[in-house]
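Please keep the sequence and the model at hand while reading.

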Amino acid sequence: MPTIDDSKCILVIGATSGIGRALAQRIAKLPNKPQVIAVGRRQERLDELATEGLETIQFDVDTDTESLKAFVERTVVAYPKLDTIIFSAGVQYESNPITPLNFDRLRSEFNLNYLSVVTIINLIVPHFSKLAAGGQPCFFIPITSGLAILPGAWVANYCATKAALHNYTMSLRVQLEGQNIHVMEIIPPLVESELHERSSANVERVSKVWIPLDKYADETLEALQKGEAHIPTSMSKIAFDRHEEGKLDWVRQFLQQQKKSESG
Ligand SMILES: NC(=O)c1ccc[n+]([C@@H]2O[C@H](COP(=O)([O-])OP(=O)(O)OC[C@H]3O[C@@H](n4cnc5c(N)ncnc54)[C@H](OP(=O)(O)O)[C@@H]3O)[C@@H](O)[C@H]2O)c1
């Protein structure tokens, strides 16, 4: 089964902190020494990663389709061996359905957490297809959340963006089966990171129960090295096992039925 150990060139979008940075740093040290390209907005963080031997691109992914197209085109020209993308850029705003919404945040959260990912995937598929046909396994690695499966009502829109990405990821996986383009979905539980820094009170509260970042990144890398299709951990594994087990088989069968009915 192809695994992250087969990757030669990996783009990590959202690599300047948290899960993205921890994975990027670990992957860059794998024995096969893949090229790792870190993407984020904070230049000083990118500069730090450059001193560790990573390539860097400063880019704000919360943007329009044309800018994403230009970003993908530039990246493929600069890194023609790009075979793997980890989508770690994400924001989480408090929002619940019964208090007034900040509409700009609502749209930005959905654009960054969902639309930008789906847009980049769609734009890169032709490039991956060429590499995959030549024998190089390619990987999409979206990072969703346990909250995609069991929503936290205080971060309602965030959960909906992650549920959208989780759902899309299932369709992506079954549509790409047999094409040497693989999907490994990382489904984190509560993990130590800057995502939770909207207030010091929040950090104090969640830090009592979050999984330390280094421990989480070590375990996740191990799962990526096994080529696991779904990578839930701890609480997100409980939610996944209870609500999602076997769902993918149904999605696969549903697609096969649809293809059959179209062909005949
Ligand atoms: N930590 C958790 O408990 C948890 C749980 C479930 C799922 N997740 C998911 O895991 C992923 C990583 O989160 P994290 O916890 O590691 O959070 P984090 O430490 O806040 O990291 C988020 C990363 O996204 C980048 N980013 C944010 N906005 C961006 C933009 N507009 N353009 C480009 N990059 C942008 C940030 O870099 P810049 O600010 O430099 O741009 C940073 O590198 C997210 O998708 C999150 O939803 C996290």
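Ser234 is partly exposed, with a relative accessible area of 40%. This residue of a predicted model lies in helix H8, and its phi is near 50°, a positive value in a residue other than glycine.

**Helix H8**

- Within helix H8, which spans residues 234-243, the buried residues are Ser236, Ala239 and Phe240. Seen down the helix axis, these buried residues fall within an arc of 100°, so they line one face of H8.
- The exposed residues Met235 and Arg242 sit on the face of H8 that is turned away from its buried side, while the cover over the buried residues includes strand E7 (185-187) and strand E8 (230-232).

**Helix H2**

- In helix H2, residues 43-51, the buried residues are Arg45, Leu46 and Leu49. They cover an arc of only 100° around the axis, which puts them on the same side of H2.
- Among what covers the buried residues of H2 are helix H1 (18-28), strand E2 and strand E3 (55-58).
- Gly53 follows H2 and has a positive phi, near 95°.

**Nonpolar cores**

- The largest nonpolar core has 33 residues, of which Leu11, Ile13, Phe71, Ile120 and Phe140 touch the most other members. Among the elements that give two or more residues to this core are strand E1 (9-13), strand E2 (35-40), helix H3 (65-78), strand E4 (84-87) and strand E5 (138-142), and helix H4 gives the most, with nine residues.
- Apart from this core lies another, of 31 residues, including Ile10, Val12, Ala22 and Ile86.
- Leaving aside residues up to four places away in sequence, Ile13 touches Val39, Val61, Phe71, Ile85, Ile86, Phe87, Ser88, Ala89 and Ile120.
- In soluble globular proteins, nonpolar side chains tend to be buried together.

**The enclosed cavity**

- The structure holds one cavity of 30 Å³ or more, and about 40 Å³ of space lies in the largest cavity.
- Ile13 belongs to the lining of the largest cavity, together with Val61, Phe87, Ser88, Ala89, Leu112, Ser116, Val117 and Ile120.
- By class, that lining divides into seven nonpolar residues, two polar and no charged, and H4 gives the most to it, with four residues.

**The second largest pocket**

- The second largest pocket holds about 220 Å³ of space. It is lined by 17 residues, of which Arg173, His182, Val183, Gly227 and Ala229 are the closest to its centre.
- Helix H5 (156-176) and strand E6 (181-183) are the elements that give two or more residues to this lining, and E6 gives the most, with three residues.
- Eight nonpolar, five polar and four charged residues make up the lining of the second largest pocket.

- Asn180 is placed in the loop between H5 and E6, and its phi is near 65°, a positive value in a residue other than glycine.
- With a relative accessible area of 23%, Asn180 is partly exposed.

Notes:
Residues are numbered from 1 along each chain as its sequence is written. This is a predicted model: local features need pLDDT of at least 70, side-chain atom pairs count only at pLDDT 80 or more; totals for chains, interfaces and linings use all residues. Side-chain values use heavy atoms; hydrogens and water are left out. On a 1 Å grid over the protein atoms alone, a cavity is a set of points where a 1.4 Å probe fits but cannot get out, and a pocket is an open set with protein on both sides within 12 Å along at least five of seven lines; lining residues have an atom within 4 Å of a point. Grid points are joined across faces, edges and corners, and a volume is the space filled by probe spheres set on the points. Ala, Val, Leu, Ile, Met, Phe, Trp, Tyr, Cys and Pro count as nonpolar, Asp, Glu, Lys and Arg as charged, and the others, Gly among them, as polar. A nonpolar core is a set of buried Ala, Val, Leu, Ile, Met, Phe, Trp, Tyr and Cys residues joined through side-chain atoms within 4.5 Å. Buried means under 20% relative accessible area, exposed over 50%, partly exposed in between (1.4 Å probe, protein chains only). Contact means heavy atoms within 4.5 Å. The arc is that of the directions from the helix axis to the C-beta atoms.
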